[in-house]
Amino acid sequence: MKITYLGHSSLSIELSDKVIMVDPFISANELAKNIDINKLKADYVFLTHVHEDHIIDAEKIAQNNNAIIVSNYEIATYYSKKGFQTHGMNTGGSWQFDFGTVHVVKAIHSSSFPDGSYGGNPIGFVFESENKRIYVAGDTALTYDMKLIPEVIGAIDLAVLPIGDNYTMGINSAIKAADFVQCDQILGYHYDTFGFIKLDHTLAKTNFSKHKKKLILLEIGRSMDV
Ligand code: NI
Ligand code: MN
């Protein structure tokens, strides 16, 4: 699998000849101004929740690519009423897609649409393909339930964790989360985009390495293989 960081919590993941987009917030992110959303390919758009900083480009990218929007039941229903192809799931469920299996896991956060309407419960995803697993935590607090992920789903090869603090976990909680999911390779996200979540990159990397874990902070537009 190849994972590309598109700023904030936006990811593009290539797996088994398909491309999935996660939480696209690009056009309104000054730090991601070099990314042209009209050039992004996607077979699926996965949404962890519907706060504006996770969905602002979801409709555009889904429209451009005739992509299927996958999220919790409430969010899938919302987009399906607007004419999009959707696949609704919910916490605890797994589904075999044409690229691999997706497991929906718990996230401790909130979820409402920008107009205030109910967005169901926030979720995280485990993407399983090509004998690898990536855990994308979404906006979440640290929770003991993360321990169930490797136990029930299997070993995690890369954990994508929010580290910007204020709205989500910060550095110390993310280190503990990496422990809970038994993964030593962490891609940090949800940092630097706006004032409350500015991250000291050196401090973050040092703290992770003190716990024998590798924190990867990709430049926006850069990719890594898993
Ligand atoms: Ni949020
Ligand atoms: Mn957020």
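Predicted model: local features only at pLDDT ≥ 70, side-chain atom pairs only at ≥ 80, totals over all residues.
View 1. The place of Ser-129 in the fold is strand β9. Leaving aside the neighbours within four places in sequence, the residues in contact with Ser-129 are Met-1, Leu-15, Ser-16, Phe-99 and Gly-100. For Gly-100, the separation from Ser-129 is 29 residues along the sequence, whereas from C-alpha to C-alpha the two are 4.7 Å apart in space.

**View 2. The nickel ion (ligand 1) and its protein donors.** Four residues of the protein supply donors to the nickel ion (ligand 1), namely His-49 through NE2, His-51 through ND1, His-109 through NE2 and Asp-139 through OD, and these donors lie 2.2 to 2.3 Å from the ion. The angles among the four donor atoms run from 87 to 177 degrees, and the site of the nickel ion (ligand 1) is irregular. Along the chain, the donors of the nickel ion (ligand 1) follow the spacing H-x1-H-x57-H-x29-D.

**View 3. Asp-139 between two metal ions.** Asp-139 bridges the nickel ion (ligand 1) and the manganese ion (ligand 2), and these two ions lie 3.1 Å apart. The relative accessible area of Asp-139 is 2%, so this residue is buried, whereas His-109, at 26%, is partly exposed.

**View 4. His-8, a loop residue with a positive phi.** Most residues other than glycine have a negative phi. At His-8, however, phi is near 50 degrees, a positive value in a residue other than glycine. His-8 lies in the loop that runs between β1 (2–5) and β2 (11–15), and its relative accessibility is 1%, so that His-8 counts as buried.

**View 5. Asn-66, a loop residue with a positive phi.** Phi of Asn-66 is near 55 degrees, which is again a positive value in a residue other than glycine. The loop in which Asn-66 is found lies between α2 (58–65) and β5 (68–72). Asn-66 has a relative accessibility of 60% and therefore counts as exposed, whereas His-8, in the previous view, counts as buried.

Technical notes. Residues numbered from 1 in each chain as written. Chains lettered and ligands numbered in written order. Heavy atoms only, no water. Helix = DSSP H or I, 4+ residues; strand = E, 2+ residues; numbered from the N terminus. Buried < 20%, exposed > 50% of the residue type's maximum accessible area, 1.4 Å probe, protein only. Donors = N, O, S within 2.8 Å, 3.2 Å for Na, K, Ca; no water. Tetrahedral: all angles 85-135°; square planar, octahedral: opposite > 155°, others 65-115°. Contact = heavy atoms within 4.5 Å.
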